[in-house]
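Have a go at each task before reading its solution.

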Amino acid sequence: MSSLSLHFCFGEGNAVQFWHVIAAGQDGYCRVWKVCESSESDADSESPFAITLESVIEVSSTIVSSAHPHPPLRTPSGLIQPFLLLTASMDATLKIIAPEDGLRGGGLFSTLSTLHPHLIGSQGFWGAFWSIGSSPRRIFAYGYHGAMFKWEETLTAGAEPTALGSFSLLPFVSGHFGACRAHFSRYGHLLLSASRDRTVRVWGRERGRRRWGEVSRPVVHGYPVLDAVCLRDHTPVAEMNNKEWDNSGLGNKEWDNSGLGNRELGRILTINEEKKSRVYGATYLNLLTLNTLVETADSAVFSGAVDVESGCGERA
């Protein structure tokens, strides 16, 4: 099994009626299970949930590296999650696969679109995922040899959320020279990548610009980094300075009134080939960059006025 992901079916009041578990396999198939609460007819069952295998989807003749459904969308009638399944395979293709019922997941699955960059040769894709809350929709993928790719959708105005347009390959960031994995930050403004080249990098856009670039390289490790994710951290820097955070780089009393937020990136959890996980906290320079120069949730409420000598800033 290469990856696991979830698809939710929402009802009235945005309550979850049931959900699907989607597994990408190294045998070239994806499997979809439906999970719902047990009914009264299942009184003999010891489990509070009923799990049934809904579908086995043939995706590729090689390893399927990842399979992720479209993120939930907020509509006037409530939350919905289109069942647009994005798969990445080691045969250098991405596929968008959907069932006949594009919301509840019923019926036969069929391939709606196949994407490939014509640049990656036989190296294959290590994973792919949808953008978060963006319009038009975008697809990001990372290759086995370290390169990352981006496609942007062209969709007819007024189309349904479950509809799919055409995707165009656009220039995107590069820099890793080993297999990498990537994830969005909490609000989708930053991209966090971890690579077997022993680095973790943060990618984003300068304020007022559309082009992405490397923002920071917070981790340079002695072992290959297998994956990295963002941990949500709502604690203001001023409060963290009153606690024992000596190993996180946030223990300097001079930053008590800095006003620098850390909602977008939080802390970074890495999984390394040395069979250890580590948690890294942001330094003052990292936070200063993310609050002033880069488009993030924190820079949106930061005034841009920073006292370099005292490390003070103001928040709107």
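**Before you start**

This is a predicted model, in which local features need pLDDT of at least 70 and side-chain atom pairs count only at pLDDT 80 or more, while totals for chains, interfaces and linings use all residues. Residues are numbered from 1 along each chain as its sequence is written, and side-chain values use heavy atoms, with hydrogens and water left out.

**Exercise 1. Find out what average pLDDT the protein has, and where the pLDDT is below 50**.

Step 1. pLDDT is the predictor's confidence in each residue, from 0 to 100. The protein averages 80, and 83% of the residues score at least 70.

Step 2. Residues 236-257 have a pLDDT below 50, and this stretch makes 34 contacts (heavy atoms within 4.5 Å) beyond near neighbours in sequence. Residues 308-316 also have a pLDDT below 50, with 29 such contacts in the model.

**Exercise 2. Decide whether Val225 is buried or exposed, and list what Val225 touches**.

Step 1. Locate the residue: Val225 belongs to strand E19, residues 225-231. Helices (H or I, at least four residues) and strands (E, at least two) are DSSP runs, numbered from the N terminus.

Step 2. Apply the cut-offs: buried means under 20% relative accessible area, exposed over 50%, and partly exposed in between (1.4 Å probe, protein chains only). Val225 has a relative accessible area of 1%, so Val225 is buried.

Step 3. Look around it. Leaving aside residues up to four places away in sequence, Val225 touches Ala194, Ser195, Arg196, Arg198, Thr199, Val200, Thr270, Ile271 and Asn272. The C-alpha atoms of Val225 and Arg196 are 5.2 Å apart, although 29 residues separate the two along the chain.

**Exercise 3. Say how many salt bridges a search of the whole structure finds, then examine some of the pairs**.

Step 1. A salt bridge is a side-chain nitrogen of Lys or Arg within 4 Å of a carboxyl oxygen of Asp or Glu. The search finds ten.

Step 2. Arg31 pairs with Asp27, with the closest N and O atoms 2.9 Å apart. Arg31 is partly exposed at 26%, and Asp27 is partly exposed at 41%.

Step 3. Arg137 pairs with Glu153 at 2.8 Å between the closest N and O atoms. The pair links distant parts of the chain, 16 residues apart: Arg137 sits in the loop between strands E11 (125-130) and E12 (138-143), and Glu153 in strand E13 (residues 148-154). Arg137 is buried at 10%, and Glu153 is buried at 5%.

Step 4. Arg196 and Glu273 meet in a salt bridge of 2.3 Å, N to O. Arg196 is in the loop between strands E16 (191-195) and E17 (199-205), and Glu273 is in the loop between strands E20 (267-272) and E21 (277-280), so the pair ties together parts 77 residues apart in sequence.

Step 5. Finish with a network: Asp197, Arg201, Glu214 and Arg217 are joined by salt bridges that share partners.
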